[in-house]
Amino acid sequence: MNRLVLFFGRNYVLSFQENGTDVFGAVRDRLKGGKGRLRQNGSDYLMYALIDAVVDQYFTVLEMLGERIESLQERVIADPKPDTTRHPCAETATALCASGCVAATGSDEQSLAFGMPVPA
C-alpha cells in the first residue's frame, strides 16, 4: 500500500504519491477528453473526482478481503482449532484498518490537505 496526499484550494489541486501506481488514469482521460463536469467545475469537483477514483480502488481490496474471510470461515467451520485462525488475512485487515485517512483544513479555510492510503 502506498500513500497519497492531495491538496486543493480555490484554483488548484496538487497530488503526491509514494510510487508510480496510477489510480488517476480514468480522471486524466476524462480531463483530456475536454467534455463533462471536470472541465466545467472548479477544483473542488476535481478533488471529489480524485478521491472517488481512490475509493473505487478499495472495492477491489474489499472484494479480496471478503474472499479471504469466507475462506477462513470455511476452514474454521471445517476444522475448529486455534491453529486454523492464524491466517495472513488477519494481518491484512488490521493493516488496512490501522492505516486510516487524515484530513486537515488550511488556516485560510479555503484549502484542504487530504492524505490516505492507496491500494497498490
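**Figure 1. The largest nonpolar core of the predicted model has 15 residues.** This is a predicted model, in which local features need pLDDT of at least 70 and side-chain atom pairs count only at pLDDT 80 or more, while totals for chains, interfaces and linings use all residues. Residues are numbered from 1 along each chain as its sequence is written, and side-chain values use heavy atoms, with hydrogens and water left out. A nonpolar core is a set of buried Ala, Val, Leu, Ile, Met, Phe, Trp, Tyr and Cys residues joined through side-chain atoms within 4.5 Å. Buried means under 20% relative accessible area, exposed over 50%, and partly exposed in between (1.4 Å probe, protein chains only). The residues with the most contacts inside this core are Leu6, Phe24, Val27, Leu38, Leu50 and Val54. E1 and H3 each supply at least two residues of the core, and H3 gives the most, with eight. In soluble globular proteins, nonpolar side chains tend to be buried together.

**Figure 2. Helix H3 covers residues 43-78.** Helices (H or I, at least four residues) and strands (E, at least two) are DSSP runs, numbered from the N terminus. The 36 residues of H3 reach 53 Å from the first C-alpha to the last, close to the 52 Å expected at 1.5 Å a residue. The expected span is 1.5 Å times one less than the number of residues. Buried residues of H3 include Leu46, Met47, Val61, Leu65 and Leu72.

**Figure 3. Ala53 lies in helix H3.** Ala53 counts as buried because its relative accessible area is 11%. Not counting residues up to four places away in sequence, Ala53 touches Val23, Phe24 and Val27; contact means heavy atoms within 4.5 Å. Ala53 and Val23 are 30 residues apart in sequence, and their C-alpha atoms are 6.5 Å apart in space.

**Figure 4. Strands E1 and E2 form a hairpin with two residues between them.** E1 (residues 2-9) and E2 (residues 12-17) run antiparallel and are joined by six bridges. Two strands pair if DSSP finds at least two bridges between them. Gly9 has Tyr12 in E2 as its bridge partner.

Figure 5. A polar atom of the Ser43 side chain lies 2.4 Å from the backbone oxygen of Gly9. Ser43 has 10% relative accessibility and therefore counts as buried.

**Figure 6. The structure holds two aromatic pairs.** Rings of Phe, Tyr and Trp (its six-membered ring) pair if their centres lie within 6.5 Å; planes under 30 degrees apart count as stacked, over 60 as edge-to-face and the rest as tilted. The Phe7 and Phe16 rings are edge-to-face because their planes are at 80 degrees, with the centres 6.0 Å apart. Phe7 is partly exposed at 32% relative accessibility, and Phe16 is partly exposed at 47%. The pair of Tyr45 and Tyr48 is tilted, with 5.6 Å centre to centre and 40 degrees between the planes. Tyr45 and Tyr48 are three residues apart in helix H3, so about one helical turn separates them. Tyr45 is among the buried residues of H3, whereas Tyr48 is partly exposed, with a relative accessible area of 49%.

Key: A polar contact is a pair of N or O atoms within 3.5 Å; within protein, one must be able to donate a hydrogen and the other to accept it, and residues adjacent in sequence count only if both atoms are side-chain atoms.
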